[in-house]
Amino acid sequence: MRFGSFPPIKVALSRSASTTHRAGGDDPNTNIRQLTRTISVKDGTPLAGPELEYNHLRDIPALENGVLVVQVNGESVRVPGQWVRDVCACPQCRNQHTAQRQINVFRGDISEVSIASANVSGWPQHITVKFKDGHETVVSASVIRNRKPHHGARQREGIVDVATWTSEIQEDPPAVEYADVKAGPGMASLLKTIRARGFAFVDNMPATPEATESLLTSIGPIRNTHYGAFYDFTSDLSSKDTAYTSEALELHTDNTYFTDPAGLQALHLLSHTDGTGGESCLVDGFAAAGQLYAQSNGAYLRLCDTGVYAHASGNDGVSIQPAQAYPTFTHSEQHKKLIQVRWNNADRAGVATRWKQLERWYDAAAKFDAILNDRRNQYWFQLRPGRMLLLDNWRVLHGRAAFTGKRRMCGGYINRDDFISKFRTTNYTREELEASTVTG
């Protein structure tokens, strides 16, 4: 089991025989790519062009009983007509403004989505398919090749190669310039950095709530909670949460009491007067989880399969708990890798396990807590005006030392889906977005 490491998937795009094999000797004029090839439903072989041995055409799609047969990375795969029609992007099948599907392949006579013929003259770039109802669809070869579930899921989920860290990150913490982010191209770098490292600073920005809120809304809608949306507060306990005090805060992730905790959290210290202290601390939850797994596989698995409730109960009329008890560690069903850490000792409620398992959960949780509080895993620093912190709330735990004086802090939450959406739209090409959105 690997933690925080998402190795890139190398998809070998097969350069088919259609680009290399020739008919009739070495005459370039008889290159297969120059032939018009229409595949018949009758025999699955090309109709046009000189007579060729089929083993030379092994990479050219064939049609068998209304289903395309295509070579993908050396494997012969069947591409059903339902899927081809499902991914058709023409104005009749797809709304050109919203990208929403306008047809339903589950209704009507199934023969309507059976493939009558396929023109492969454009292969290996694309293939033109004609259905029995007369509709034509042009399908990019890359859409077929990139449908591989693991590859597509990486792009759907915005997965990148993750770099875990310990206290040594203090030597070179990730940061981007505010001017670069506001200019446009820097947004892609900012979000990719957060995906890879779990957090990033935005440097040299105006120390104002207006600039902070504007930058956040350029990423996505600010999440509205029982504390409000964009927050701008001092340590006056205006909201009933210890974050609104001057007390020390243990390392934690936010929103464990929500079914869907926020994906991004922003913290921007606007001022600190008449006092000292208040240093911030970050810990990479993925790195800590990896250490726990290496130290005690049993303890790690206990925190994977035991649900824990949390609550928000301080404000009048508020009693929030998640829809179910969630484990400390959540893994991707597709990739079997850690994607979320939920840990908040202050907000923890019941542990959803039987009496005979409860002591084992406490033992496992104590091991994880010890790792979190190992100074070798902690990055301590002082927030300052003009330097905003953005952190991945599904991965990085944060805490704070006690302080004196008056501090003014602002920031907000952004939903996980909005965070990943902005990452994808700023870091993927249009083709990559299309291949990992409506296809599959």
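Mentor: Happy to. The side chains of R416 and D392 form a salt bridge, with N and O 3.8 Å apart; the term means a side-chain nitrogen of Lys or Arg within 4 Å of a carboxyl oxygen of Asp or Glu. Bear in mind that this is a predicted model, where local features need pLDDT of at least 70 and side-chain atom pairs 80 or more, while totals for chains, interfaces and linings use all residues. Numbering starts from 1 along each chain as its sequence is written, and side-chain values use heavy atoms, leaving out hydrogens and water.

Trainee: Which parts does the pair of R416 and D392 tie together?

Mentor: R416 belongs to helix α10 (residues 416-427) and D392 to strand β20, so the bridge ties parts that are 24 residues apart in sequence. Helices (H or I, at least four residues) and strands (E, at least two) are DSSP runs, numbered from the N terminus.

Trainee: Is R416 buried or exposed?

Mentor: R416 is buried, at a relative accessible area of 10%, and D392 is buried too, at 3%. Buried means under 20%, exposed over 50%, and partly exposed in between, with a 1.4 Å probe and protein chains only.

Trainee: How many salt bridges does the structure hold?

Mentor: Nine. Another of them joins R395 and D284, at 2.8 Å from N to O. This pair links distant parts of the chain: R395 sits in the loop between β20 (388-392) and β21 (396-400), D284 sits in strand β13 (residues 280-284), and they are 111 residues apart. Both partners are buried.

Trainee: What about E64, what does it form a salt bridge with?

Mentor: With R78, and the closest N and O atoms are 4.0 Å apart. E64 is in strand β2 (residues 62-64) and R78 in strand β4 (residues 75-79), so this bridge ties together parts 14 residues apart in sequence. E64 is partly exposed at 38% relative accessibility, whereas R78 is exposed at 53%.

Trainee: Switching to sheets, in what order do the strands of the three-strand sheet come?

Mentor: The order is β2-β3-β4, in an open sheet with antiparallel pairing. Its edge strands are β2 and β4, each of which pairs on one side only. Two strands count as paired if DSSP finds at least two bridges between them.

Trainee: How many bridges join β3 to β4?

Mentor: Five, with β3 covering residues 67-72. If you want a spot to look at, V72 stands opposite E75 of β4.

Trainee: And the sheet of four strands, what is its order?

Mentor: That open sheet goes β11-β21-β13-β19, again with antiparallel pairing. At its edges are β11 (249-252) and β19 (378-381), each pairing on one side only. Two bridges connect β11 and β21, and H252 stands opposite H398 in β21.

Trainee: Last topic: which residues lie nearest the centre of the largest cavity?

Mentor: They are T256, V308, R342, W343 and N344, out of 13 lining residues. On a 1 Å grid over the protein atoms alone, a cavity is a set of points where a 1.4 Å probe fits but cannot get out, and lining residues have an atom within 4 Å of a point. The structure holds one cavity of 30 Å³ or more.

Trainee: Which elements give two or more residues to the lining of the largest cavity?

Mentor: β14 (307-310) and β15 (326-327) do. The largest share, three residues, comes from β14.

Note on methods:
On a 1 Å grid over the protein atoms alone, a cavity is a set of points where a 1.4 Å probe fits but cannot get out, and a pocket is an open set with protein on both sides within 12 Å along at least five of seven lines; lining residues have an atom within 4 Å of a point. Grid points are joined across faces, edges and corners, and a volume is the space filled by probe spheres set on the points.
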